[in-house]
Amino acid sequence: MGLTLTEKILSAHLVEGEMVKGTEIGIRIDQTLTQDATGTMAYLEFEAMGVPRVKTERSVAYIDHNTLQNGFMNMDDHRFIGSVAKKHGIWFSRPGNGICHQVHLERFGVPGKTLIGSDSHTPTGGGIGMIAIGAGGMDVAVAMGGGTYYITCPKVVKVELTGSLQPWVAAKDVILEVLRRLSVKGGVGKVIEYCGEGVKTLSVPERATITNMGAELGATTSIFPSDEITLEFLKAQGREDAYTPLAADPDAVYDEIVEINLSDLVPMAACPHSPDAVKTVEEIGPMKIDQVCIGSCTNSSFMDMMKVAYILKGKTVAPSVQLSIAPGSKQVLTMLAQNGALADILASGARVLESACGPCIGMGQSPNSGGISLRTFNRNFEGRSGTKDGQIYLVSPELAAASALTGVLTDPRTLGEMPEFKLPEHFLVNDNMVVEPAPEEEMDSIEVLRGPNIKPFPTSEPMPKDIDAKVSLKVEDNITTDHIMPAGAKILPLRSNIPEISKYCFAVCDESFHDRALEMGKSIIVGGSNYGQGSSREHAALAPLYLGVKAVITKSFARIHMANLINAGIVPMTFADEADYDRIDQEDELRIENIADQIAAGDVIKVTNVTKGFDFDCAVSFSDRQKEMLYAGGLLNYTKNKN
């Protein structure tokens with residue numbers, strides 16, 4: 001029986017456990033990446049481990065999120081990250097060099113390697129044949145120190161692609177179709193592996209768009225084979241020596257199979273407020289729009305931008321629409337400037353933003369009150385744009401550009417004949433915005449620069465004998481990490497200051513949560529299904545830790561957030577009977593006796609609702625390693641104890 005591509009790469013990197021689906025395995029990590037919204041905390045954690053120099057093949061620190069330098073905080077964090085990187089063997093991508101996933105694909109990604117990043121869209125690297133996984137900053141710090149990264153051995157879903165995309169139908173429509181079929185929960189515990197003859201019709205940037213938004217499925221990661229298309233891309237980047245041909249065996253066995261004929265797809269959009277609320281453009285109709293934003297790690301490649309420039313050339317953006325465009329990297333922006341496409345974009349009335357995440361993480365370009373904004377991004381969670389009642393639709397660059405000209409949602413197939421868009425034979429390669437780390441013999445002389453906004457990592461205590469605490473908050477289904485710990489220009493600069501950023505914890509749901517949790521001293525949160533979906537931000541666990549949250553009880557968890565809770569020493573549990581969710585109210589007092597003994601004994605924990613006088617069961621599924629982490633009070637304590 002043959003192996004899937006996923007199984008081949010994971011097996012080659014297996015350090016602990018066996019390739020038995022549903023069990024915990026530990027894998028060796030070849031590469032890591034961080035970005036500045038998560039990086040400062042990750043490097044504080046790395047420093048706390050006392051490892052003098054990273055032990056990975058390549059670790060890269062990117063500055064792409066907090067680039068709006070309003071006040072000293074972001075600049076201080078960037079200086080800190082740059083100095084830590086130089087001292088400890090990490091490559092440093094300076095502000096303006098581009099979005100981490102776009103740049104990593106261009107300059108550092110290697111087929112067959114493992115990559116974890118402190119950003120949930122790290123699976124973009126799957127477009128080049130990597131096992132690339134989003135993780136919490138603490139997991140990344142451990143991997144940089146040479147530690148093993150642990151995941152649940154995943155099921156593998158085969159997405160069989162046949163046919164080829166029709167003119168003006170895009171890679172974005174492929175992943176929207178997958179989301180339409182599988183939902184934002186459909187990839188949990190799975191890797192999505194793309195196969196079939198249709199794969200050969202997709203360029204690496206198109207593949208990367210698809211794997212990027214696999215994060216919205218809740219998947220561990222997504223991956224394409226490494227083939228002649230991959231070689232063509234790497235050769236154009238001057239990196240053909242990184243190429244390795246990789247594919248699943250012909251007789252590989254998959255857990256599920258999804259069949260998609262690319263020829264049948266039509267332009268689509270994800271409607272507010274979820275990436276899986278997908279409809280065709282025809283179903284939505286010619287809706288009036290207020291804003292268009294093109295860019296993000298999903299759709300900011302050179303190919304995407306060339307298509308947009310072609311559509312805009314010689315035309316003017318509709319007076320009722322504001323159009324902003326952010327090329328994904330300095331490489332892309334410079335090539336657009338050199339070939340004249342940037343002039344076409346500017347002449348249309350578009351506003352060109354720097355090569356950074358920008359509006360995708362609420363860093364500027366918020367729409368008007370109740371405004372309808374078409375975005376080529378990956379998430380449209382309520383309030384994420386910075387406007388609470390903003391109506392965000394996720395679309396392809398082709399659809400976005402066409403609609404910007406008409407002022408209404410417009411099917412790009414009305415544009416007429418589509419020219420052939422090809423990758424250049426040679427990309428412009430200039431890595432002068434990437435700073436190499438200092439040689440090992442010079443590292444001791446490097447000073448780490450710390451600003452006053454950088455506060456120590458919050459401490460946690462070993463697990464208490466009993467947990468007796470009130471419910472500080474009860475929330476509904478599909479609570480995202482944007483609900484728990486919002487982004488945006490006001491809050492992101494506080495990522496290195498947990499006491500300060502905790503003031504905004506759950507503010508989207510309940511502005512009084514912070515004060516109530518502090519007053520309680522210790523508390524429990526109750527949530528619905530798919531709790532913690534979205535970003536990998538570990539601050540969504542660290543802020544509750546700081547505020548005294550000891551346990552979270554939900555109907556189900558998103559993968560990365562559950563791992564982050566365990567890393568922080570907060571116990572994640574699920575209702576054995578989901579009906580018990582309805583029996584618990586905010587302010588109820590809950591008691592969990594002998595919690596460590598209960599965890600050690602099995603997969604059920606008894607909880608008493610003292611206020612209402614009844615017991616209910618919660619399910620847990622922890623590996624022996626995760627149990628030890630919880631007993632110790634989190635991953636940092638566990639790692640220190642082991643050393």
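A pocket is an open set of grid points with protein on both sides within 12 Å along at least five of seven lines. With that in mind, let us walk through this predicted model, starting with its second largest pocket, which holds about 600 Å³ of space. Of the 23 residues that line this pocket, Gly383, Lys388, Pro486, Ile491 and Val508 are the closest to its centre.

Next, find helix H13, residues 397-406. Nine of its ten residues are buried, so the helix is largely enclosed by the rest of the structure. The buried residues run from Pro397, Glu398 and Leu399 through Ala400, Ala401 and Ala402 to Ser403, Ala404 and Leu405. What covers them includes helices H9 (281-284) and H10 (302-312), together with strands E13 (268-270), E15 (291-294), E16 (322-325) and E18 (372-375). After H13 comes glycine 407, with a positive phi near 85°.

Strand E13 also leads us to a loop, the one between E13 and strand E14 (278-280), where histidine 273 has its place. A cis peptide bond joins proline 272 to this histidine 273, with omega about 0°.

Asparagine 478 sits in the loop between strand E21 (467-474) and helix H14 (481-484). Its phi is positive, near 55°, in a residue other than glycine, and its relative accessible area of 33% makes asparagine 478 partly exposed. Asparagine 594, in the loop between strand E25 (589-592) and helix H19 (595-601), has a positive phi of about 45° although it is not a glycine. At 28% relative accessibility, asparagine 594 is partly exposed.

How values were computed. Residues are numbered from 1 along each chain as its sequence is written. This is a predicted model: local features need pLDDT of at least 70, side-chain atom pairs count only at pLDDT 80 or more; totals for chains, interfaces and linings use all residues. Side-chain values use heavy atoms; hydrogens and water are left out. On a 1 Å grid over the protein atoms alone, a cavity is a set of points where a 1.4 Å probe fits but cannot get out, and a pocket is an open set with protein on both sides within 12 Å along at least five of seven lines; lining residues have an atom within 4 Å of a point. Grid points are joined across faces, edges and corners, and a volume is the space filled by probe spheres set on the points. Buried means under 20% relative accessible area, exposed over 50%, partly exposed in between (1.4 Å probe, protein chains only). Helices (H or I, at least four residues) and strands (E, at least two) are DSSP runs, numbered from the N terminus. Contact means heavy atoms within 4.5 Å.
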